[in-house]
Amino acid sequence: MKFGENLYNLRKSAKMSQEKLAEKMEVSRQSVSKWENGDSYPEMEKIIRLCNIFHCKINDLVHEEISDIDSLDEDIKMSVVKFRKEKQKKMKGISKIIYIIARIGKIIILIMAIALALSMAVIPMIANKIEISDTQIKFFGETCEYKVEDKTITLTAEKTGKTRELYIDTNSNLKDYFTNHSITYYLVTGECIGLCLLAFIVIIFNILKYIEKLFLNIHNEDTPFNMENVNSIRKIAILLIIEIIGPIIGGLIFQAILKIDMNISIELMDVMIILIIFSLVYVFEYGYEIQVDSKGKMYGDEK
């Protein structure tokens, strides 16, 4: 970083126009422009005067990078460029990768939501073609033998002999449940589970949306600590907490309705994750309060 760039960043950080600086320096605006563009260099007397205006040291103007941040005026301390160019490039690259991944994730999640919604619409029509007896399931003319043991349902195709096992983690008597309910009961239960899955897919979509917005803002040079990003972090935190607590609450509800022990429990790690998420929200809020008046930027303006 050269003198012109240092002067430009200090002037921008102080929210001062070239005209205003020229007036303070008793020179023309064109002179200030030439200094910043590197077309000319001020005399030592004017450099000292610039230091007095920006409350900085000579080294902060003429050095390759601004290193003595503690020498700057408190009003602009939070606004000066803190990253070298290679770090700026790295940060922009990382944030770009993250927001692109989030954007791709949104598309995938949207496709999953559409597929699930279509499945929920088609399943009731398919259910009319299913017949369940004590040992067989008939589906569109195909017959499948089924056997329920412990936590496993074994399905065997009558024509091909192919076998498939479905494992359901439960401490309840799965055989009694499977043989004592009608197809309508299973259909309603399946649709309710589908609605819950759809709700969680929507939550994941919104989490990815706010992650994309957060890192797009960082890529576009805003610090993470502005009000829009603080709100994004808060919404991400709330959605993540719902994503953690929701299955527990939903599982308990289904457990009460279906009379099946679904092994629902609250893990210590879930509690720790929720505490970490809350802490992250407060860190961003405090960061915003610290620099609320600085309108800080993470990167220097590239010419």
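Here is a short chat about reading a predicted model, from its overall make-up down to one residue.

User: Where do I start? How many helices and strands does the protein chain have?

Analyst: Start with the count: this predicted model has 11 helices and 5 strands in its protein chain. Then look at burial: of the 303 residues, 35% are buried.

User: And what does the surface look like in numbers, say its accessible area?

Analyst: The protein chain exposes about 18,700 Å² of accessible surface, and carbon and sulfur atoms hold 61% of that.

User: Okay, the strands. Which order do they take in the sheet?

Analyst: The general idea goes like this: strands in a sheet pair through backbone hydrogen bonds, either parallel or antiparallel. Here, the open sheet of 5 strands runs β1-β2-β3-β4-β5, and the pairing is antiparallel. At the edges you'll find β1 (130-132) and β5 (163-167), each pairing on one side only. From one strand to the next, the twist averages 20 degrees.

User: Can you zoom in on a pair? Over how many bridges do β3 and β4 pair?

Analyst: Strand β3 (residues 142-149) and strand β4 (residues 152-157) are joined by 6 bridges, in the antiparallel sense.

User: Now a helix residue. Is Ile276 buried or exposed?

Analyst: Compare its relative accessible area with the cut-off: over 50% is called exposed. Ile276 comes to 54%, so it counts as exposed. You'll find Ile276 in helix α11 (residues 268-290).

User: How far apart are Ile276 and Ala237 in space?

Analyst: Their C-alpha atoms are 9.4 Å apart, while 39 residues separate Ile276 and Ala237 in sequence.

Definitions and conventions
Residues numbered from 1 in each chain as written. Predicted model: local features only at pLDDT ≥ 70, side-chain atom pairs only at ≥ 80, totals over all residues. Heavy atoms only, no water. Helix = DSSP H or I, 4+ residues; strand = E, 2+ residues; numbered from the N terminus. Buried < 20%, exposed > 50% of the residue type's maximum accessible area, 1.4 Å probe, protein only. Areas by Shrake-Rupley, 256 points an atom, 1.4 Å probe, with all protein chains shown as cover. Pairing = 2+ DSSP bridges. Axes fitted to C-alpha atoms, helices over the stretch in contact; angles between N-to-C directions.
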